[in-house]
Structures are given as C-alpha cells and as structure tokens.
Amino acid sequence: MKTTIDQVSKYIDQEVTIGVWLANKRSSGKIAFLQLRDGSGFIQGVVVKAEVPEETFQLAKNMTQETSLYVTGVVKEDTRSPLGYELQVKSIEVISESVDYPITPKEHGTEFLMDHRHLWLRSKKQHAIMKIRNEIIRSTYDFFNNNGYVKIDPPILTGSAAEGTTELFHTQYFDEEAYLSQSGQLYMEAAAMAFGKVFSFGPTFRAEKSKTRRHLIEFWMIEPEMAFMDHEDSLVVQEQYVSYIVKSVLEKCKIELDTLGRDVEKLEKIQAPFPRITYDEAIELLKENGFDDVEWGEDFGAPHETAIAKSFDKPVFITHYPADIKAFYMKPDPDRPEVVLCADLIAPEGYGEMIGGSQRIDDLELMEKRYKEHNLTSDAYQWYLELRKYGSVPHSGFGLGLERTVAWISGVDHVRETIPFPRLLNRLYP
Ligand code: 4AD
Ligand code: MG
C-alpha cells in the first residue's frame, strides 16, 4: 500500500511503501536508524541486519543525506517518537542519489543557511514553522468564511499609496508610474461598500531600510474591512480572530510546536478579550518602566513595544494614537480630535506590532481636508474619495502581518524564518 507519513496510523502492523528522503541516519554493525521525511512528516525507519537481505542493510548504511527513495516496511507503534510510529524496513529502492548535501546535521551560520534557503526548507525546524504558517492561513479562511466575510483580492500594481509615499517600490506601468501595493486597504474599503464584510490575503511590499528581526521587504497581510462597524466593534473581531488562529494551531500543530520547543502554556492563555490601553496610558506605563524621555506625540519603537507587552500575558491593544503619527484615513475621536480611533495590537513576548487597524474617515468634507493636508492631489485617489460621496457609512478594518504572527506563535526569533523565501534589505537570493 502506497501512503504518506502522516497517514501511517491507519496501517498499524501492515506493510506500506512511502516515497521519502533520507534526512539523517545512524547505524551500528547490526542495526541502522533512518530519519525519513516525505513532506507530510518525519518517521524513523529501522533496518535490522538479521531481518533483511545483506545488500539492503549495506544500502541503508551507505545511503547519503537527502537521497530520495521508496521505502517499504511494517508500521509499528512507538511511544517514544513524537509521531507515535516507526517503520520496520523490509526493502529500499533508491530513486536518486544526493552527493555532498551542503546542510549537514552540524551547526551552520545564518547567512549560510539563508543562501541555501531552497534546501534549508527541508529541515525539521523550517518544516515545522511552515506547517504552522499553513495552519494560520487555513484557520484564517475558516474564521472569516464562518463569519460571513467575502474574500476579495485587491490589486498588487497600484497608482496610490495607502501608507505614505516614502516606502514605495516604483515600477513602470507602460507610460505611467505605478507602485507595488503596500496595503490593499483602500480597495478593501471599496469592497466593503459592495459586500459588507470582506477580507483579503496577499503579498505587500515596503521599501523599508529596516534591518530588524520584525521587518521584511515583502510580507503577507490579512486585511478585513467591515461596513457598519466602529472602532470598538473592530477590536472584538480582532481579538476573536487572533484567539481562533492560536487555538487552531494548538489543536492541529502539536508535533510542530513540540519540534520547536514552544511553551504552549503561554499560547493557551491567548483567549479573548484582550486588554486595551490608550496611547496616553502607554506613555505612563513606559515612564514607570524607565523610559523617562518618551514624549507625547512620538511613535513607539521596538523597545517601547516590548516593554509594554511585558506587563501583559495576552496581546494588548494600544488605542487612540496622536493623529499626526498615523495614516491620513483614520477617523479622529469626536471627543478629542487630536487622537484617532485606531489600535495597534502588540504581541506578547517581544514580537511587536502584529495588527494595525482603525475606524476610517467616512465624512467627505473631512477627507477632502486630509487630501489637502497630505497633498494627495493625484487623480489616483479620486475613486477613494467617491466612496464618501455615495452612501458613506461608518466602517473599520485592520491588517494582520502574517510573518510576525507566525514568529510569535512558533516562538522563532526572526521573521526571516517565517516565510519560505524571505526578501530582506540585502537579500533577493534564492
Ligand atoms: O500597520 P500597517 O502598516 O497597517 C496597514 O498597512 C493598514 N493599511 C492595514 C489595514 O488597516 N488594512 O501594517 C499592518 C501590519 C503590521 O501590524 C505588521 O504586523 C505588518 O503588517 N507589517 C510588517 N510585517 C513585516 N515586515 C514589515 N516591513 C511590515 N510592515 C508592516
Ligand atoms: Mg502599523
């Protein structure tokens, strides 16, 4: 019976054939232990010299790392392995040899591994991170589909900038200039006026000269947008959504979390509601924690966010930032127009801002005023203004950065390991 590693529990004490790669091995004179992987998982194959033809045992002993093969054997329960099963190998058929595989079980430097990302993805830790990423994506679709949202795909090539003009990738669009999308938000607002509740999931680009463990040049964002929802309503969606994806990963990725050594007790606490503090309260909290020179009106950096997160064991919303340090489309607080109805959701354990969101300006006159202040004179923004002209309604939305979320849930230090082929300040290879 031909099967895959993730299906072996259906074949206890039966003979199966699996297409695999040899991840690692160790052997003595009488027995060889093969660490086999097929993409769906990892399993140990045991080859006992006394139980197989001599040439099979010699083959098992001499196969090199990353050789591809069909292995045939009997599935046995094995409580010591994370999978719970091992394979008693009967025969081996090599498909293709692998000579001098560059990534050996010894330690390698990060730059070396990044240069070999096309191969590094095969390793156990990277495999676990990508499986968790996949589960976050899967449960995202689940959550929004179950709650009446329509998936809408905004364009990647655009003539407008949602998040300021300094970090744009410029490209030629026949005889006009275009940019790679920084955020689908403006288009998602149009979509919300057509479909009520919508979400997008796609790549976004920021020509940011940042070289931190939280910044990628190309990253993926989930951007929900909801008509007839205010700022407070949006926070409820956000905390329910984040709780849902954490719960899904805890349920579906036990082996992967174990491989990564993730402290799951910390993740088990992630249940809505999440704490909310205002920007003003955050300033106070920072002052109490030794940031004496932080001043009202400044944006927070990574050290500030980490310090704030330390006071909570769940993600925390920081709300009502000064209007001057936020985007042009955010709705001012009617009681206090110098701050806007927005929130950043800060992840626990120092992973930083994972969501940025806000209620949007729905008033045409105020939006026209903002256009003037921000010098949005280009024709490219006219359509966005029209959304305020034809049946404008209160609406809110947010963007969750997938890679920062994967980093936090997986417990890995740097976002470069949370995307298959990271685009970093100095890296376009492989
Ligand atoms: O806070 P940002 O810039 O918000 C927006 O783009 C809004 N238009 C979203 C919306 O309301 N629809 O980005 C949202 C999130 C951040 O909280 C962060 O998680 C992630 O996107 N992000 C990055 N992730 C990796 N590398 C970067 N350079 C990132 N920039 C933002
Ligand atoms: Mg932000």
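Glu66 is buried, because its relative accessible area of 7% falls under the 20% cut-off. The model is a predicted one. Glu66 is located in the loop between α1 (54-62) and β4 (68-77). Although Glu66 is not a glycine, its phi is positive, at about 75 degrees.

His320 also has a positive phi, near 55 degrees, and is a residue other than glycine. The loop between β13 (316-319) and β14 (332-333) holds His320. With a relative accessibility of 17%, His320 counts as buried.

The backbone also contains cis peptide bonds. One joins Ala272 and Pro273, with omega about 0 degrees; Pro273 belongs to the loop between α8 (264-268) and β12 (276-278). Another joins Tyr429 and Pro430, with omega about -10 degrees, and Pro430 lies in the segment after α13 (402-410).

**Ligand site**

There are 22 residues around ligand 1, and the nearest are Glu163, Gln185, Glu208, Glu223 and Glu353. By class, the shell around ligand 1 comprises seven nonpolar, seven polar and eight charged residues.

| Residue | Atom of ligand 1 | Distance |
|---|---|---|
| Glu163 | nitrogen | 2.6 Å |
| Glu353 | oxygen | 2.6 Å |
| Arg360 | oxygen | 2.9 Å |

On its own, ligand 1 has 630 Å² of accessible area, of which the protein covers 93%. The largest pocket is the space that ligand 1 takes up. Two or more residues of the shell around ligand 1 come from each of the elements β11 (218-227), β17 (352-359) and β18 (395-401).

Arg360 has a further partner within the protein: its side chain makes a polar contact of 2.7 Å with the side chain of Ser358. Ser358 is part of strand β17, one of the elements that give two or more residues to the ligand shell. The relative accessible area of Ser358 is 2%, so Ser358 is buried.

**The chain as a whole**

The protein chain has 13 helices and 18 strands. Of its 430 residues, 51% count as buried. Along the principal axes, the C-alpha atoms fill a box of roughly 85 × 55 × 40 Å.

How values were computed: Residues are numbered from 1 along each chain as its sequence is written. Chains are lettered from A and ligands numbered from 1 in the order in which they are written. This is a predicted model: local features need pLDDT of at least 70, side-chain atom pairs count only at pLDDT 80 or more; totals for chains, interfaces and linings use all residues. Side-chain values use heavy atoms; hydrogens and water are left out. A residue is near a molecule or strand if one of its heavy atoms lies within 4 Å of it. A polar contact is a pair of N or O atoms within 3.5 Å; within protein, one must be able to donate a hydrogen and the other to accept it, and residues adjacent in sequence count only if both atoms are side-chain atoms. Accessible areas come from the Shrake-Rupley method with a 1.4 Å probe; for residues, only the protein chains shown count as cover. On a 1 Å grid over the protein atoms alone, a cavity is a set of points where a 1.4 Å probe fits but cannot get out, and a pocket is an open set with protein on both sides within 12 Å along at least five of seven lines; lining residues have an atom within 4 Å of a point. A molecule sits in a cavity or pocket if more than half of its atoms lie within 2 Å of its grid points. Helices (H or I, at least four residues) and strands (E, at least two) are DSSP runs, numbered from the N terminus. Ala, Val, Leu, Ile, Met, Phe, Trp, Tyr, Cys and Pro count as nonpolar, Asp, Glu, Lys and Arg as charged, and the others, Gly among them, as polar. Buried means under 20% relative accessible area, exposed over 50%, partly exposed in between (1.4 Å probe, protein chains only).
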